[in-house]
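Hi,

Here is the model I promised to pass on. Have a look at it first, and my notes on the charged side chains follow below.

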Amino acid sequence: MAEMGSKGVTAGKIASNVQKKLTRAQEKVLQKLGKADETKDEQFEQCVQNFNKQLTEGTRLQKDLRTYLASVKAMHEASKKLNECLQEVYEPDWPGRDEANKIAENNDLLWLDYHQKLVDQALLTMDTYLGQFPDIKSRIAKRGRKLVDYDSARHHYESLQTAKKKDEAKIAKAEEELIKAQKVFEEMNVDLQEELPSLWNSRVGFYVNTFQSIAGLEENFHKEMSKLNESLNDVLVSLEKQHGSNTFTVKAQPRKKTKLLSRLLRKKNSDNAPAKGNKSPSPPPDGSPAATPEIRVNHEPEPPSSATAGASLPKSPSQPAEASEVAGGTQPAAGAQEPGETAASEAASSSLPAVVVETFSATVNGTVEGGSGAGRLDLPPGFMFKVQAQHDYVATDTDELQLKAGDVVLVIPFQNPEEQDEGWLMGVKESDWNQHKELEKCRGVFPENFTERVQ
């Protein structure tokens, strides 16, 4: 029975609420149609507009404050990783290592403290401030519904009074409902009339306190952080004073072991090769890459005597034959051009390495890049250009040149271009060449990035 009674009460409340909603809907329709007047309160409407504006501003401020806190946290993580990197690269034997580690720890604690104080003094206060808006918003909506109920009760009472047949019982009941609806509405209206203006005015003090807290916390944070940065700077200055004389070491590009072994084997084979007068091996069959006519380069000046103009010039032990000698031919006189010279040049460029083609093109007219014809006697065979060492280089193998900053090196082509590693050149130091005039004893490879071209 109790359960049924409870259900009956619930059903009655539901029916009452449904009836209220229908009455309110009907009253609003009549008001919109102009058949019933609506109670207006312009002052209260202005308070509601201010309330909505204040809620919008507060919500935006809360969102931006959370974004600011997220940025602080991200900066904390970035700063922490940066300090961890410093701790890793700071070698144990460097002075100030313990001080640098302590500064990193204090830096991390300072970020944590700053973030926590922002949460306590800004974000939580912001949440409390916005926490009062949902209740007031709900009361404003309820006040609007009670106003419609009051207008509806007033209209019903007035319609009964103006009816031709008056029913005093209905008029008395309508009057009672009107008084009750008016009382409920006025109680809510009076409370909101007092709270809304007070809440609107409170925004100034809240904004001031919030931004003052943020500004003060940020100021103190940067002061403490500045002290840590000054301490870290002092540690690094001390480190620089003790290690500042050490220059940054320029490293050569690593050489490939396969080419290094190949060079050593070829050098060993050349030492065991037969004497120059022995018969050279038979030429390869036609059609193979090695069957291409060999273009030899002559770096010795041509004798002025006409008697020797058509004769072959003597060959250096480490130098190929004349530049224009093709398959046993001889060099024509200076200024003359043979019909097959162009074809020979094209064949050379397609079959010989780039460094030999370049040397051939530079010497075919009797000149050498970087020097005049008269100066060719003082340059090693195949000379291409000069470089000057910008850094010291300590040779790590027997076929490498030992360089000191300022040494001038005469660059020559590799005997076998396939042995040239990327970033390495073949050459002879100018001082060694001027003293010995022997390539086999003086030449060697060296890293190109340790030098700078001068001619």
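How many salt bridges does the count come to? By the rule used here, which asks for a side-chain nitrogen of Lys or Arg within 4 Å of a carboxyl oxygen of Asp or Glu, the count comes to 13 salt bridges. As background, side chains of opposite charge can pair when their charged atoms come close.

Before the details, two caveats. This is a predicted model, with residues numbered from 1 along each chain as its sequence is written, and local features need pLDDT of at least 70, side-chain atom pairs count only at pLDDT 80 or more, while totals for chains, interfaces and linings use all residues. Side-chain values use heavy atoms, with hydrogens and water left out.

**Salt bridges worth a click**

Start with aspartate 41 and arginine 143, whose closest N and O atoms are 3.9 Å apart in their salt bridge. This pair links distant parts of the chain: aspartate 41 is in the loop between α1 and α2 (42–89), arginine 143 is in helix α4, and 102 residues separate them. (Helices are DSSP runs of H or I with at least four residues, strands are runs of E with at least two, and both are numbered from the N terminus.) Is arginine 143 buried or exposed? It counts as buried, at 4% relative accessibility, whereas aspartate 41 is partly exposed at 23%. For these words, buried means under 20% relative accessible area, exposed means over 50%, and partly exposed is in between, with a 1.4 Å probe and protein chains only.

Next, lysine 386 and glutamate 430 meet in a salt bridge at 2.9 Å, N to O. Lysine 386 lies in strand β1 (residues 385–389) and glutamate 430 in helix α9 (residues 430–436), so the pair ties together parts that are 44 residues apart in sequence. Lysine 386 counts as buried at 15%, while glutamate 430 is partly exposed at 23%. Going back to arginine 139, salt bridges that share partners join Asp135, Arg139 and Glu195 into one network.

**Charged patches**

Which residues gather in the patch of positive charge on the surface? They are Lys28, Lys32, Lys142 and Arg145, and the elements giving two or more residues to this patch are α1 (2–33) and α4 (133–161). Lysine 32, in helix α1, counts as exposed at 76% relative accessibility.

A negative surface patch is formed by Glu186, Glu187, Asp191 and Glu194. Glutamate 187 lies in helix α5 and is partly exposed, at 44%.

Patch members have over 30% relative accessible area and no salt bridge, with like charges joined within 9 Å. Lys and Arg count as positive, Asp and Glu as negative, and His and the chain ends are not counted.

Lysine 437 has a phi near 60°, a positive value in a residue other than glycine. Most residues other than glycine have a negative phi. Lysine 437 lies in the loop between α9 and α10 (439–442) and counts as partly exposed at 37%.

Cheers

Notes
Patches are made of residues with over 30% relative accessible area and no salt bridge: like charges are joined within 9 Å, nonpolar side chains (Val, Leu, Ile, Met, Phe, Trp, Tyr) within 5 Å. Accessible areas come from the Shrake-Rupley method with a 1.4 Å probe; for residues, only the protein chains shown count as cover. The place of a charge is taken as NZ of Lys, CZ of Arg, CG of Asp or CD of Glu.
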